[in-house]
Structure formats: C-alpha cells, structure tokens
Amino acid sequence: MRTPVELPVNPVSAHIGPADLVVTGARVRLGAGRFAEAVAVRDGRIAAVGDTADVLELAGPRTERVHADGGLVLPGFQDAHIHAPFAGRNLLRIWLNDLEGRQAYLDAIASYAAAHPEEPWIVGGGWAMEYFPGGAPRKEDLDAIVPDRPVFLFNRDVHGAWVNSRALELAGIDRHTPDPADGRIERDPATGEPTGTLHEGAAYSFNDHHVPLPGRSEWEAAILAAQTHLHALGVTGWQDAWVTPGTQAAYQALAEDGRLTARVVGALWWDRHRGLEQVADLLTRREQGLAVTSPRAGLGAGFLPTTVKIMTDGILENHTGALLEPYCDGCGGHSTNSGLTYVEPELLRAAVTDLDRHGFQVHQHAIGDRAVRIALDAVAAARRVNGPGGDHRHHIAHVQLIHPVDLPRFAELGVVANLQAYWAKSEPQMDELTVPFLGEERARLQYPFAGLLRAGARLAMGSDWAVTTANPLEQLEVAVTRTDPADRAIAPFLPRERLPLDAAVDAFTAGSAHVNHDGQAGAVEVGRRADLVLLDRDLFAPGFASGGVVPVADARVLLTVASGEVVHRA
C-alpha cells in the first residue's frame, strides 16, 4: 500500500551560514491574531521568524534583502482544485476567459484562425453561458468565421463545448445521433438538428475521440505557462483535478529536470465508462509517478500522483447536477428531471472503498445535494470496510448545494470541504440559469461556507481555474463578503454564509496544504519549506475593512517564493 506521506519538518539552526533572503517591513502572519516582524530563508527553508533586529542577524553580504513597509507575508497559496495544463493550453491558443460577450468571442476566434492557417483544428475555450440564450451558442456563428476547419471550444466551466458544422460533420453527429447516457446534444426543437452546443459527456466524448491530442512538448509548454501565471498570483502549489496520461508524462518530465517549481499533487482521472478494473492501471500510474525524483524532493516538492478524481454529477446551469428533488421549470412548477449521476451509487461506494484500501486520496466533484450525499455515503462505506485509520484526507469539491442534514457529516467522516469561493456571488449565470431552476427555498442553501465551518468541517480552497479566476485574493474577497470584487455595490449573496478573513486565509493556505498532505508548507514556521507570498498591503491591519467592504482583491503580489527560490517578482 502506498499512502501519501508527509515529510517531517526539518528544524533549521539560526547559526549555520547567512540567509539567502530576508523580508522586513511587512507583518508576517503566523496564525489567527499572531504576527512577526520579519522572516529569513536559507537553503529552501524558513530559517528564522521574529523581530526585525534578530532576523537581520542572519543577513550576510550576499543575502537578498526585501523591505516592504505596510505589506503582509503569508504562506504560499495552495490551490486545491485546478486544471493547470488545460488552462495553460488555452492561454497559448484561444483564451476567451477575459472577454465579455458573443461578439468579443467571435472576434478573438476569427483573429486566431486567420493568424494560424496551418492548424487543422481550432481549439481553446473560456466562453460563458450567460452570453447566449439558454446558455447554448450556435454553430452558425462559428461557421461564418471558420467554415473550412473544425472548431471545438470548451466553455468556461468545462461542462460543455461550442462546435461548428465542420466539427459535427467530422464526428458524424446529426439529428439521428442519440444523446449519450451522460450528456446531451443541444438540438433545434423543430428539426432535431444539432445546434452547436454539446453538454457534459457529449462534449467529453467528442474531445476524446475526435480532437487531436497534444504531444508531450505542448503539454509541457502549457504547464509552464500556467505555472508562470499562478506564481504571479502567489500560488506555490496545487492539486491538479484532471490528470490524464498525457499531462502526467509532462508533469513528470518537468519535475525531473527541475522546471516544475511548484509542488503539485496529481488527481488521476477516474474513467466513468469503466469499473473497478481500472484501479490496477491507477496503481501503476501512481508508482510510475512516485518513482520520478525532483531536485526539490528533499523539500517535499515535485509531482505526486497520489489522488484519484471522480465526477459524481454535472452542474446546475445545464440541469445535470444531481438533486434530491427535481429541478423547477423556471415558471413556478417542477420538472421531472433530477439531474445525472455519472457513477452509480453502488459502484461509487465500491470504488471509493477500493481506492481507500490502496492508499489513494479520493477527490470527488459534487455540485447538487444528491451528489454531495452519495459522495459522503461512499466515504462512509469505505470507513466501514477499511476502518477510519487511514490518513487519506478525502475531499469533496464544489459543494454548491448541501442538504442541511449533511453538513455535520463532513466533520464526522473526516471529509474536507473543497470550496470554490469565487462562485458564491450574484452574477448572471447564478441569477438567470441557476436560481429560477432551484426555486427560492433551495437557492438559499447554496455555498454554505459558514455552515460547514460551524459544523466543524475542515475547509480547503481551490479556483477551478480556468473555470474562473485563479487569483486567490479575488476568491478570498468573495469568501468574506459574498460580493463581486468588480462590483462591490451589489447586494451580498446569502451574507450569513460569509467566512471570517482568518478562516478564509487558513483555508487557502493551511487547509489546502492539509489536503495535499504537505506538512512542509501551509504555515510560516522555522524549518518548513520556504513557500511564501509577500503582499503590498496588510489585509489584517486595523481599518483595512470599512463600511462592509473588505477590499482583499485590491492587494497585489510583490514576491512569490517557492522552495526558497524567488519565482515571481513584481
């Protein structure tokens, strides 16, 4: 059995050689209400934390000194749920995430296609459902700008894709093509012809069977582009929530030659079209990954494929999130649709039990209240069979809708709630595509962050980038205000579920480090790996928050340190 192992924290003597880096002027957060004046780094670890004068005694002629009056030092952020290779690939191809509206998308797609006439497929993503009627863009728009090559563009949440007529033709999809069991082909209600949007399994199957796979060098470039972006935001480690054989090979190569400066836990993708026989393949992949040695292995860093990711349901916006009661019809009544479960509960319980027995951590996607319940049931089944002794730190991501009776089960079962805080705000996708179809009563139960905290749940945070922003500061502001940092005048979304700032920061640092079995990071403490972020302002300073506004997102990252190395400097 190979269980995730935390390396012990190595004490560092303050009397062996000068520091490589000293940061002064900024307060150093040690925990809730506890601060120091300065921090020193040597040989990849935190060498000293304390008063300025004492820490400066470690400075030598070659020590880099950074002085940041009014700043704040935190442990490096760890993102507990992210899709770095896919986001990086889109950054290098078609990146629609920062654009708004149908025409802006079409202009960017047309520009890319014109600039790359040699590419046989036009791929990328990041479009938002809110800019299209019913959340479903049409093929005719793409046909008008790219008529001769297939186009495949995942949407921002990667639960659907926009395709043109050429792509549908190459895949043989027409009005006679049945919907897959785990997805839907959007169709014209009069003719039955596909309109250009593929939902869930229809999109994934198309991508797997028809869109050319990137080679290892392209995946390496994508991961490095993502790493640069994340380091600039203060992120020093993450859990990749969708690791394929191709992205695993790229991660391993980057770890082995030292170009992977972040610490990455890989969640190997569970194929929902297969059964328990795939566990043997996952075990082989884990062993192959753990056999790769990173130059930073002595600091607990590198690439660690010790987790398995299971999708239990879809999303609420396209009515594939699994609910205990059917969706409303948007007109005051109820439909007959309660969403989809991608792994039947009996198989899910068996899968989690088997993975738990083999020492894997299980990372489950669960959006709807039925999905959350069956995910918790699966962990409970594993504990009944295998016992509660394993330190696997299973976690459930998204947890958009939780039935109140299930809130205390997270703490009871030792399941970490993996929060995507940026989603807990009012915005068009929530107001137009979610709330009307949940109904008023259920809509009030969404994203119960404070409820989970009160119930004793351990919290972690992740961005789900490129679904939404990777910036931890923007996500933290939403967690503590339940408002959009871009429009702070808007009414808070379910404000009783706001988190205290200390709890939110802990979730994005110590909480995510806990999920990632990273006892070397997550706190500013002598002997730990030097993963640090320096902000230009002190989020905990008296007067920082005023009038109900907690402007966390206004802060900027001045310096990011990973394994003692400065990996970003503003």
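Helices (H or I, at least four residues) and strands (E, at least two) are DSSP runs, numbered from the N terminus. What you have open is a predicted model, in which local features need pLDDT of at least 70 and side-chain atom pairs count only at pLDDT 80 or more, while totals for chains, interfaces and linings use all residues. Residues are numbered from 1 along each chain as its sequence is written, and side-chain values use heavy atoms, with hydrogens and water left out.

**The whole chain**

Begin with everything displayed: the protein has 18 helices and 24 strands. Its radius of gyration, taken over C-alpha atoms, is 23 Å, close to the 25 Å that the globule rule (2.2 Å times the number of residues to the power 0.38) gives for 570 residues, so the protein is as compact as a globular protein of that length. Along the principal axes, the C-alpha atoms fill a box of roughly 80 × 55 × 55 Å. Of the 570 residues, 60% count as buried; here buried means under 20% relative accessible area, exposed means over 50%, and partly exposed lies in between, with a 1.4 Å probe and protein chains only.

**A sheet of six strands**

Next, select the strands S9 to S14, which form an open sheet in the order S9-S10-S11-S12-S14-S13, with mixed pairing; two strands pair if DSSP finds at least two bridges between them. Strand S9 (94-95) and strand S13 (183-187) stand at the edges with a single partner strand each, so one side of each is left without a neighbour in the sheet. Inside this sheet, look at strand S11 (residues 151-155) and strand S12 (residues 160-163), which pair in the antiparallel sense over three bridges, and there find Phe 152, which stands opposite Val 163 in S12.

For a buried residue, select Gln 227 in helix H7 (residues 216-231), which has 6% relative accessibility. Leaving aside neighbours within four places in sequence, Gln 227 is in contact (heavy atoms within 4.5 Å) with Trp 238, Arg 259, Leu 260, Thr 261 and Ala 262.

Continue to Leu 438 in helix H14 (residues 435-438), a buried residue with a relative accessible area of 3%. Residues up to four places away in sequence not counted, Leu 438 touches Leu 316, Leu 323, Cys 328, Leu 401, Ala 443 and Gln 446. His 319 lies in the loop between strand S17 (303-311) and helix H10 (345-357), is partly exposed at 23% relative accessible area, and has a phi near 65°, a positive value in a residue other than glycine.

**Two backbone details to finish**

Select Trp 465 and Ala 466, which are joined by a cis peptide bond with omega about 15°; Ala 466 lies in the loop between strand S21 (459-461) and helix H17 (472-481). Finally, go to Ser 563, in the loop between strand S23 (557-562) and strand S24 (565-569), where phi is positive at about 50° although the residue is not a glycine, and where 11% relative accessibility makes Ser 563 count as buried.
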